[in-house]
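User: I've just opened this one and I'm new to it. Could you walk me through it, step by step?

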Amino acid sequence: ATLAPTVNNALRAQVEQADPTLDADLAMWFHPDCALPRLHLLGPVHAVTRGKPLTLRKPYMTEMLTYIATRSQGITVEELAETFNITTNKARVYAAGIREWLGTNPRTGQPHLPDARLAPAAATRGVPLYQVVDILIDTDLFRRLRTRAEARGPDGIDDLITALSLVEGRPYDYPLEREAAGGWAWLVDGDRSDQHMAVAIVDVAHIVTTHALATSDLTTARTAAETAALAAPHEEIPRLDLAAVAHAAGHHAEA
């Protein structure tokens with residue numbers, strides 16, 4: 001009652017209807033033969049695609065894919081070039097490489113990264129844009145699950161548990177060699193999506209742990225608290241939650 005907001009039935013229905021593909025996208029994400037590209041950001045950053053395999057500069061190209069894919073309204077070639085400190089010609093070459101890497105969208109028969117002139121956002125903004133279409137991103141799924149869970153109140157616990165199952169480590173855990181080479185500056189100098197997601201994971205895990213302790217589900221409580229500690233090892237709340245789980249289990253010395 002303290003941690004979760006109270007939402008009336010009308011708003012709950014409105015939120016659920018606003019995201020009708022969430023369950024299908026989740027099923028696709030967890031499918032062993034997922035037909036769509038998957039971008040993992042809730043842990044070590046990597047992408048799983050069905051296009052032409054990358055043979056060179058995979059960490060660099062993964063970073064560039066992340067930058068493009070997390071800009072839902074698309075970006076211009078000039079913005080891409082400025083962000084990565086390269087020429088516009090080089091930006092086009094790299095974008096073409098990412099296009100081949102992502103492969104063909106099975107839903108449309110077109111590339112997941114369309115020609116900049118054909119991107120959906122290009123028609124709206126009136127300029128050519130790079131925009132990734134139909135890619136599954138764990139941070140996006142996490143946010144959508146959390147939103148629906150909060151709208152469902154007590155019935156949303158399962159959505160929160162599913163959201164935590166997407167977490168594999170510290171958000172945006174990119175290779176240190178890329179940072180040493182000047183990579184990921186757009187994230188560190190930007191709105192810090194990595195830190196926002198770490199806080200979100202801790203908040204969600206705290207609700208799940210609190211609920212699970214109240215229902216004597218110590219396995220779920222411990223898993224949630226351990227997931228938060230994995231994602232945010234320096235945060236205090238996951239440690240306090242782990243102590244509460246240990247105490248509930250009768251492990252007072254551990255607590």
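Predicted model: local features only at pLDDT ≥ 70, side-chain atom pairs only at ≥ 80, totals over all residues.

User: What is the phi of arginine 57?

Analyst: Arginine 57 sits in the loop between strand S2 (46–48) and H3; helices (H or I, at least four residues) and strands (E, at least two) are DSSP runs, numbered from the N terminus. Its phi is positive even though the residue is not a glycine, with a value near 55 degrees.

User: Is asparagine 85 buried or exposed?

Analyst: You'll find asparagine 85 in the loop between H4 and helix H5 (88–102). It is not a glycine, yet it has a positive phi of about 55 degrees. With a relative accessible area of 70%, asparagine 85 is exposed.

User: Which residues is threonine 76 in contact with, leaving aside its neighbours within four places in sequence?

Analyst: Threonine 76 is in the loop between helix H3 (58–69) and helix H4 (77–84). Its relative accessibility is 14%, so it counts as buried. Contact means heavy atoms within 4.5 Å, and with those neighbours left aside, the partners of threonine 76 are Arg125, Val127, Pro128 and Leu129.

User: What do the buried residues of H7 pack against?

Analyst: Helix H7 (residues 138–152) has 15 residues and reaches 21 Å from its first C-alpha to its last, close to the 21 Å expected at 1.5 Å a residue (that is, 1.5 Å times one less than its number of residues). Its buried residues include Leu141, Phe142 and Arg144. The buried residues of H7 pack against helix H1 (9–18), helix H2 (22–30), strand S1 (38–40), strand S3 (136–137), helix H8 (157–165) and helix H11 (193–214).

User: What is the radius of gyration of the chain?

Analyst: The chain has 13 helices and three strands, and buried residues make up 42% of its 255 residues. Taken over C-alpha atoms, the globule rule is 2.2 Å times the number of residues to the power 0.38. For 255 residues, a compact globule would come out near 18 Å, which agrees with the chain's value of 20 Å.

Technical notes:
Residues numbered from 1 in each chain as written. Heavy atoms only, no water. Buried < 20%, exposed > 50% of the residue type's maximum accessible area, 1.4 Å probe, protein only.
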